Structures are given as C-alpha cells and as structure tokens.
Amino acid sequence: MGRISPLMRPPESNEARILLGPGPSMVAPRVMDAMRRPMLGYLDPDLFVVLFEIQIGLRHLFRTENEVTLALPGTGMSGAECALANLIEPGDRVLIISGGFFGERLVEIARRCGAEVHPVRAEWGTQVEPEAVSATLRQHPRWKLIAMVHAETSTGVHQPVEPIAELARRYEALLVVDAVTSLGGMPVEVDACHIDVCFSASQKCIGAPPGLAPITFSPRAWHAIEKRRTPCQSWYLDIRLLWDYWNEPHIYHHTTPASLMYALRAALEMIEQEGLPARHERHRHQAERLWMGLQELKLELVIPPERRLPMLSVVRIPEGIPDGEFRLRLLREFNIEIGGGLGEWRGQVWRIGLMGHSCLAHNVDLLLSAMNTLLHQYRSG
Ligand SMILES: *Cc1c(COP(=O)(O)O)cnc(C)c1O
C-alpha cells in the first residue's frame, strides 16, 4: 500500500491558517464572533444603526468628511467597477496609471465603460513618474479622470498619491484611487490629497472577512454624477441608488449582508481603539522585522526600500527552489499561506503579506522559522 504523500494530507484541525499572502488576511476572534449576531432584515432600524456606525468608522479611516461613504456588497473589484462606472460616460477621456496587474484591471474596466483610455505604464517593480503622466495630459484637452493604484499588490510598489493629485487638480480631472491594499495599513488621506473616489476591500489591512468594499465619493465626484447625460451602466453599483438605501429615504435596493456588516463594524472599532498612527506603525515595524529576517535567509527583496510597501513584500524565488512545492509545504507542514507571483512575475517571486490582524510579531517569527527550515532542506539537497 502506497504512503499518502504529506503534501496531499488534508488539514487535521480547524486551527486558524496563518494567512501571509496578498489577502485575505486573518480575522480577529472578536470580528468573527460579531458575525454570530442574529440576522436582521434589510429595512430593520437596528441594521441602519450598524450602517450608520460603519459610515462614521469609514470616514475616519479614509480621513474624509465625504457624506457619501459606505460599504458596497462585493469584494474590492466591485469598488473599482463602482468608481469608474459612476464617473465615466461613453467617450470620456481618462488616464490610467498602471504599474502592474491591478492597474491593468482599471484600464480594462474603463474601456468597458466606453472611455477613451490613455494608460501611462511603468515597468513592473517601478513607479509611474509624474512627468510621464504630465506629458500625456498635455497632449489632449478635457480629461474626465485620472485613476491609480496606491499599493500595487502584484509588485509591492507604493505609488505616492500627492504628485498625481496635483496634476489632477491642474487639469481639472477627477482623481480615483484604488486603496484596496493600503487602507488600514498605511496613511490614505482622502481629503488632504483631494481624492474624489477612493475604494478598498474588507479583507486586507482592515481585517474583516472578504465581501465588502468600502468606498467614498467627494462632493465634486457627486456633482459630476448628477450631471451625467446617460444613466450609470451598472444598475447594481449605481451609487445614487445605493445612497438612497444607505441614507434617507432608505429605499430597498439589495439585501444587505448583515453578518458581514457586523464584522466590518467590529473591525472598524478595533481600528479606532488601536488608533491609525499606531496601526500604521505596527505595519511598518513588523515589515522591517520581516525584511531583516528574509535578508538573513539570503532572500532577495525585489523592490528597493524607498518604494517598498510595508504590508506586501516581494522576494525573488531562489534558483533551484520549486515554487509550487515550496508553498504547498509551507501550507501543509507549517499551516502558513504566502502568495505566488501574479501575471508577469508568476513563478518568479513570492508575495508575503502582513496585513491587519495577520501583521503580528508572532506570525513573522513563525514564517521566518518555517522558511529557514525548508530552505535549509532544499539547499543541502
Ligand atoms: C486585492 C486587490 C484588488 C481586488 O480585490 P478583490 O477583493 O479580490 O476583488 C484590487 N486592487 C488591489 C490593489 C488589490 O490588492
């Protein structure tokens, strides 16, 4: 009788997986417990109290006073669709800053909205230079919007918002920012940077389960939406319909996933209690511990420190280490998940996430020790 390969063995306990990939991140017991509360109907006044508290928590997290701030019933990509579908009308000229996989998704969504899309791309692993953006903007009049990814999760590169925001103001274009990976792990300044639409996801640095996409619209964005000549191409993500449900007169639009809302409210309470500066510092500090440890293991960090994200680190897979098998052994033998490369970098890099409740000293130590053990086995043949 053949032995069952240890790689095929199913998990023997329901011990929490150590999630150190590009998301989802681990969920704190307090947030999981919040989902056990009794179900509420979508017009229950008690549910509107939960939604109201979520709005307050999200405004604080986004650092905005935008009234139109809510959580969409969908993952991060629903935030991208909602932002672009509500702002873009067919024929609008838009500029998309793309340095990786998620930037390309914005390009594709904008095209499907019927925009005349001008992508400004950077080589994977580098930032898009504001000069390149400016050069493209100069070529045409009347830009409807500029969209960018703040934390490009496919490459681990930080694309600073301020220089792009300045260009958006100069050319009177709206600014859309994908803060899916950054929000809750590093500063995202919606009002100070004049971001018009910013969206995120519940399952990365916010620390809730996947399924909700926080989003906020500036008064300027709202005005542009009110001036539309054509209805938003997405009925489900039409922000005006969604707002009439979240706000007075609370008209039914869809069935609210109440359990996820309870979880998001609990996660936002935890963020409030920790405080944003302390939370950002925790992400930075644990990232630095991880980087030091990885370097001690002779692993190469692909992104130089000045543009490296704290919550997502990219390392080159060393020569002779089998990507898939290594990650499967981390999972099966050590209960740890890390991410593989995406798109162009598939099979070339590992992506290690330290997001939200996953971002703890204990998890950094567990990963480094597990990687040390496995690398030693492969390197000594
Ligand atoms: C994860 C991610 C998304 C997509 O979020 P989903 O929740 O998987 O839909 C979009 N943009 C960035 C930068 C991301 O990291």
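Trainee: How does D365 count by its relative accessibility?
Mentor: This is a predicted model, where local features need pLDDT of at least 70, side-chain atom pairs need pLDDT 80 or more, and totals for chains, interfaces and linings use all residues. Residues are numbered from 1 along each chain as its sequence is written, and side-chain values use heavy atoms, with hydrogens and water left out. Buried means under 20% relative accessible area, exposed over 50%, and partly exposed in between, for a 1.4 Å probe and protein chains only. D365 has 38% relative accessibility, so D365 counts as partly exposed.

Trainee: What is the N to O distance in the salt bridge of D365 and R289?
Mentor: A salt bridge is a side-chain nitrogen of Lys or Arg within 4 Å of a carboxyl oxygen of Asp or Glu. R289 is partly exposed, at 26% relative accessibility. In the bridge between the side chains of R289 and D365, the N to O distance is 2.6 Å.

Trainee: How many residues apart in sequence are the parts that D365 and R289 tie together?
Mentor: Helices (H or I, at least four residues) and strands (E, at least two) are DSSP runs, numbered from the N terminus. The side chains of D365 and R289 meet in a salt bridge. D365 lies in helix α12 (residues 361-379) and R289 in helix α10 (residues 276-296), so the pair ties together parts whose separation in sequence is 76 residues.

Trainee: Is E89 buried or exposed?
Mentor: The side chain of E89 meets that of R229 in a salt bridge, at 3.8 Å from N to O. E89 lies in the loop between α3 (76-87) and β3 (93-98) and R229 in the loop between α7 (219-226) and α8, so the pair ties together parts 140 residues apart in sequence. R229 is exposed, with a relative accessible area of 68%. E89 has 5% relative accessibility, so E89 counts as buried.

Trainee: Where in the structure does R121, the partner of E104, lie?
Mentor: E104 and R121 form a salt bridge, and their closest N and O atoms are 2.7 Å apart. The pair ties together parts that are 17 residues apart in sequence, because E104 lies in helix α4 (residues 101-112) and R121 in strand β4 (residues 116-121).

Trainee: How much of the ligand's accessible area does the protein cover?
Mentor: The shell is made of residues with a heavy atom within 4 Å of the ligand, among them M77, F102 and V149. A nitrogen atom of the ligand is 2.7 Å from an N or O atom in the side chain of D178, and an oxygen atom of the ligand is 2.7 Å from a polar side-chain atom of K204. Of the 380 Å² of accessible area (Shrake-Rupley method, 1.4 Å probe; for residues, only the protein chains shown count as cover) that the ligand has on its own, the protein covers 88%.

Trainee: Which side chain does N66 join in a polar contact of 3.0 Å?
Mentor: N66 lies in the loop between α2 (45-62) and β2 (69-72) and is buried, with a relative accessible area of 5%. A polar contact is a pair of N or O atoms within 3.5 Å; within protein, one must be able to donate a hydrogen and the other to accept it, and residues adjacent in sequence count only if both atoms are side-chain atoms. A polar atom of the N66 side chain lies 3.4 Å from the backbone oxygen of F217. The 3.0 Å contact joins the side chain of N66 to that of T216.

Trainee: What is omega for the cis peptide bond that joins G23 and P24?
Mentor: P24 is in the loop between β1 (18-20) and α1 (29-34). The bond from G23 to P24 is cis, and its omega is about 5°.

Trainee: What is the phi of R142, which is not a glycine?
Mentor: R142 lies in the loop between α5 (130-138) and β5 (145-149). Its relative accessibility is 71%, so R142 counts as exposed. The phi of R142 is positive, at about 55°.
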